[in-house]
Amino acid sequence: MTSITRRLFVAVLALLMPGLADAQDNTIVVASTTSTEDSGLFRHILPLFRAKTGIEVKVVAQGTGQALDTARRGDADVVFVHAKSAEEAFLAQGFGVKRYPVMYNDFVLVGPKKDPAGVAGTKDIVAALKALHDKQISFVSRGDRSGTHLAELALWKAAGIDPAANTGAWYKSIGQGMGAALNTAVALDAYVLSDRGTWLAFGNKSDLDIAVQGDKRLFNQYGVMLVNPQKHPHVKAAAGQQFIDWLVSPEGQRAIADYRINGSQLFYPNAQDPSA
Amino acid sequence: MAENASALQLLLTGDPALLAIVRLSLAVSLSAVACAALLGIPLGALLALTRFPGRGAVIVTVNAMMGLPPVMVGLALYLALSRSGPLGSWGLLFTPLAMVAAQTVLVLPIIAALTRQTIEDLWLEYRDELAAMNVGVMGRIGTLVWDARFSLVTAVLAGFGRAAAEVGAVIIVGGNIDGFTRVMTTAIALETSKGSLPLAVGLGVILLAIIIIINTVAWTVRRAGERMSG
């Protein structure tokens, strides 16, 4: 090696090392959903938590099903998702310690402004889905076992329609995150079920707007759980529990309620509701 | 990164989040290329200069591995590094080191295959002279790699291009964690999914500019080196 290249090599290494050798202490990994990350909620609340406790939270944003799998494998300390039945199954399998309800928002049916299904402004989500099916109007599904996907499947079931029978026709299952599903709906002039937070924060709304909202069945509850240290001994139980305790404390709940985009509140804290 | 800002604005104002992403991208990809070059160049040269049964199959395999799907490498490494996997106790999943490992696996076959071809061509050219020098395989490798060093820069750059451009592996083993494992390509994927398409495009342009700058530097160094060594 010439002295120039050697010096260059040393300089590059010196530049790289601090980036690679990051302290592992006092950090926890939270497996969470694309809706909490893409909506910007974590960017708002995590600095507040860090300022109070010094604990750094690393968020891996996945669909609810994938986030629970990540936690099951022991690759996260805390899991923060939105599909109560899947969360209860996770607890029953012994992977979680306890489930705490944290907050809710709701799902909305988003569709083209010209409303080919004729459902805009209605409140009955099941009737709206039936209309999509009867008129064979394009619908984009997450198709990724996320909380939103599970909620969507439950609604199709309530409508007595088997979407799998229509895959490839008007029902388009893309297997991707909420943002990608919204981008696809924009491109296809299709309807799509979205959580309100991601929809409000979404920057490429184009010709889409909310068509159906306000149905009780569109309720979307988020819960948080510590991964069971008895299953995975390396779980940072103390720091993880501290994060959970903060989320459900009055301070954490206020931080969640304070997060707004253009004046609209995205998530409503309800840690005090034991049935949530 | 700040909402509602263009990528150019973020760059010009020295947005710390953007600079951290750029820095990590370079750190991960350059480290991976360095590791892959340290392993791949000797490996490629050895493959060029030795003869053994099944050599053809090894060469075909190395060449084929140039087309390894990044998402497959990411998944394999994810399963290995996961806490439930064989290397789980290392605690490397969702860290920059895991990203370096994934990109090293992707880049290694490219550098090894291109080195093998370069050295083999050079060997055919200088075969008689080297045979007359009566040096062993290791000596030949040293001589030929040194002679081919400027051509091998292109192999290393091809490897860097692969590392800097891929998203499939680093998003799986890195987890795209804000401020820790988020790199240019995963940030572009994230901004696209947030519908912030102009910001995503802007980040893409910055990534491309960085790749062009690195190639320019390499080309300049190579030119200067060639001139010095006559």
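Which residues in α9(B) are buried? The list runs M184(B), T185(B), T186(B), A187(B), I188(B), A189(B), L190(B), E191(B), T192(B) and S193(B), where buried means that 20 or more other C-beta atoms, placed from the backbone, lie within 10 Å of a residue's own. That puts 10 of the 10 residues of this helix, 184-193 of chain B, under cover. Helices here are DSSP runs of H or I with at least four residues, strands are E runs of at least two, and both are numbered from the N terminus. The cover over α9(B) comes from both chains, and includes α2 and α8 (178-188) of chain A as well as α2 (16-49), α7 (149-165), α8 (168-174) and α10 (197-228) of chain B. After the helix comes G195(B), with a positive phi near 75°.

A word on the model itself: it is predicted, so local features need pLDDT of at least 70 and side-chain atom pairs count only at pLDDT 80 or more, while totals for chains, interfaces and linings use all residues. Residues are numbered from 1 along each chain as its sequence is written, and chains are lettered from A and ligands numbered from 1 in the order in which they are written.

Where the two chains meet, 25 residues of chain A are in contact with 22 of chain B, contact being C-beta atoms, placed from the backbone, within 7 Å. On the chain A side, α1 (3-20), β2 (56-62) and α8 each supply at least two residues.

Chain A splits into domain 1 (25-104 + 221-269) and domain 2 (106-218), with bounds taken from an automatic or database domain assignment.

Strand β1 (27-33) runs parallel to β3(A) and is joined to it by three bridges, with V30(A) opposite V78(A). Strand β9 (219-227) pairs with β3(A) in the antiparallel sense over four bridges (pairing takes at least two DSSP bridges), and here V79(A) faces M225(A).

V78(A) and V79(A) also turn up in the largest nonpolar core, of 144 residues, where they are among those touching the most other members, along with Y191(A), A102(B), I111(B) and V173(B). Such a core is a set of buried Ala, Val, Leu, Ile, Met, Phe, Trp, Tyr and Cys residues joined through C-beta atoms within 7 Å.

Definitions and conventions:
Buried ≥ 20, exposed ≤ 12 C-beta atoms within 10 Å, placed from the backbone.
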